Amino acid sequence: MLKVLIVDDEVLERKALTKIINSSSLDVMVMGEAPNGRKAIEMAEELKPDIIFMDIKMPGIDGVQAVKEIKKRNHGIRFIMVSAFNTFEYAKEVMQQGVKEYILKPSRKQDILESLQRVSTEIHEEKKSMREKQSLVENLDRAVSIAQKEWVSSLIMNQVQDISFDEWSQLLGVEMNSGYIMLCSLLPKVKGELDVQIKQDFYLWLKEVLRTIVKKEEVMIGPMTASQVPVLFLSQQLLEKAHFKTSAQQTIESLLSSFSKKQMNADLRIGVGLPYSQGHELNKSYHEAVVALEHLLKTTNRKYLFSSKQGAAEMPSLSDLLEIEKKLLEGVRQGDLNQVMFIFDSFVTKLNGNKGLKAAVVKKSFDELFILLSRMMHDLGIHFEGSLGFDEIDDTNTILEQGKAHLLSVVKHVQLWRNSHAKGMLHKAKEYIENHYADSITLEQVAEYVELSPFYLSKLFKDRFGMTFIDYVTEVRIKQAKLEMVDASKSLKEICYSVGYKDPNYFSRVFKKQTGLSPSEFRRETAG
């Protein structure tokens, strides 16, 4: 209901206006009356009215002066000017203040209500527009968040080879020239598994606090896997490897300080990779962050660690390993056993080519590979509990055999999932939608329920049903609306809300697009 303030130095005029307005069928109510301009300024500040009926000619501060003063403090208030003086100069002065309505004393009831109706309609339209804009912003933020997760996941898995910083810059609208990965790991304070709610709270906290510490366009947060969250930092400057630590360290210190105040029943550890000036090289930064975090978790007195290149000479060519990892991941994703085994044998050949290779180095290579595999399977919604099982093994050949056996079991598990599990997850998703279509349902909610990534669930819908997730939700809602329209006792507005729409006008547009008829036309046809 809109609030109205009446301002007039004549008490009878105020009372008459109040009676006309409060007895009308309009969604308005007089909340106060002011006898002069000065009192009107005070009451406008106190009551925050939506509309003010303002008499122009009053002793002391007149109506025009009062409008100017009130607009300085609250630009959104609408004014209807009331005056016995039908002169152009008065009208011109209030119009300069943005006032569009002007009625004369003595005012006819019809003139008062018509003027009030026009202003009320304008206010409601503006509020509706603001709600739609806010909803659009929220939906856009949600979409950007999902897209960022997928970008970071693709980068980590080395699936984005051709993206440059110029392309990142175009996507973000800000020039970017370098970047690095920070890997945040949440650890239980006592031995055991972290509670799911703690993980969710941590992820939401991390997103929020990073965007207060770092500019929004300079940070992208990846998906959480095994209590670890990769964060991509982008910079407009070319970060020198010897000097980028300063800004990264400030970010980390702020994170740790905020985390300690959050009082979660967990600890935070952070590994940081080196910065790179080519988009396709950011995968290296992730690998470095993984290694840094592994070293960090072996100590008890440090909370973060930057990557060091010490010992890198023991490793085979990094570019060779990254290329093999990429092909292995894609082979596993496709469930192509022959391809995976062929690539793995090439991997083993390269490792065996280094005669001085130590078992610890081979273990490290496998650790990184299977972390990536675990992350990929998590994003696909595949649960696999198999263990590597060579923690205590020091023989290189035994480690390679164990690694191959583990990889073989992973591929077979993916094959089974591709043949049956995806279908089951889609059925589960459809059931969830059919039971929750009346709620503000989102792709992320359903994806979380069926334990698939939003990206993959969306892809499955398109592949299996030939329609998007939103199209399917719309189809379910409109189908239900048609069923409810048979009940003549239900209003169209009531049906609109019951099937999950908040705006009857939007519901009407969607319904007509789906059926070719408006809701009222459809009801008439079915009733006939």
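Which residue forms a salt bridge with Glu 484? The partner is Lys 490, and the closest N and O atoms of the two are 3.3 Å apart. A salt bridge here is a side-chain nitrogen of Lys or Arg within 4 Å of a carboxyl oxygen of Asp or Glu. Glu 484 is buried, with a relative accessible area of 10%, whereas Lys 490 is partly exposed at 25%. Buried stands for under 20% relative accessible area, exposed for over 50%, and partly exposed for the range in between, with a 1.4 Å probe and protein chains only.

The model is a predicted one, in which local features need pLDDT of at least 70 and side-chain atom pairs count only at pLDDT 80 or more, while totals for chains, interfaces and linings use all residues. Residues are numbered from 1 along each chain as its sequence is written, and side-chain values use heavy atoms, with hydrogens and water left out.

Across the whole structure, a search finds 14 salt bridges. One of them joins the side chains of Glu 42 and Lys 39 at 3.8 Å, N to O. Both residues belong to helix 2 (residues 37–47), where they are three residues apart, about one turn of the helix. Helices (H or I, at least four residues) and strands (E, at least two) are DSSP runs, numbered from the N terminus. Glu 42 is partly exposed at 45% relative accessible area, and Lys 39 is likewise partly exposed, at 36%.

Another salt bridge, also 3.8 Å from N to O, is formed by Lys 127 and Asp 50. Lys 127 lies in helix 5 (residues 109–156) and Asp 50 in the loop between helix 2 and strand 3 (51–55), so this pair ties together parts that are 77 residues apart in sequence. Lys 127 is partly exposed, at 36% relative accessibility, but Asp 50 is buried, at 17%.

Five strands form an open sheet of mixed pairing, in the order 7-8-6-9-10. Strand 7 (219–221) and strand 10 (304–306) are the edge strands; each has a single partner, so one side of each is left without a neighbour in the sheet. From one strand to the next, the twist averages 20°. Two strands count as paired if DSSP finds at least two bridges between them. Strand 6 (residues 178–188) and strand 8 (residues 228–235) pair in the antiparallel sense over eight bridges, and Leu 183 stands opposite Pro 230 in strand 8.

The largest nonpolar core has 68 residues, and Val 332, Leu 407, Ile 433, Leu 457 and Phe 507 have the most contacts inside it. Such a core is a set of buried Ala, Val, Leu, Ile, Met, Phe, Trp, Tyr and Cys residues joined through side-chain atoms within 4.5 Å. Helix 13 (residues 396–436) gives the most to this core, with twelve residues. Beyond its neighbours within four places in sequence, Val 332 is in contact (heavy atoms within 4.5 Å) with residues including Leu 373, Met 376 and Leu 407. A second, separate core of 34 residues includes Leu 186 and Ala 248.

Finally, helix 16 (residues 469–484) and helix 18 (residues 504–515) pack at an angle of about 95°, with their axes 11 Å apart. Axes are lines fitted to C-alpha atoms, for helices over the stretch in contact, and angles run from 0 to 180 degrees between N-to-C directions. Helix 16 is therefore roughly perpendicular to helix 18, a term that covers 65 to 115 degrees. Ile 478 and Ala 481 of helix 16 are among the residues that make the contact, as are Phe 507 and Phe 511 of helix 18.

Technical notes. Parallel < 35°, antiparallel > 145°, perpendicular 65-115°, else oblique.
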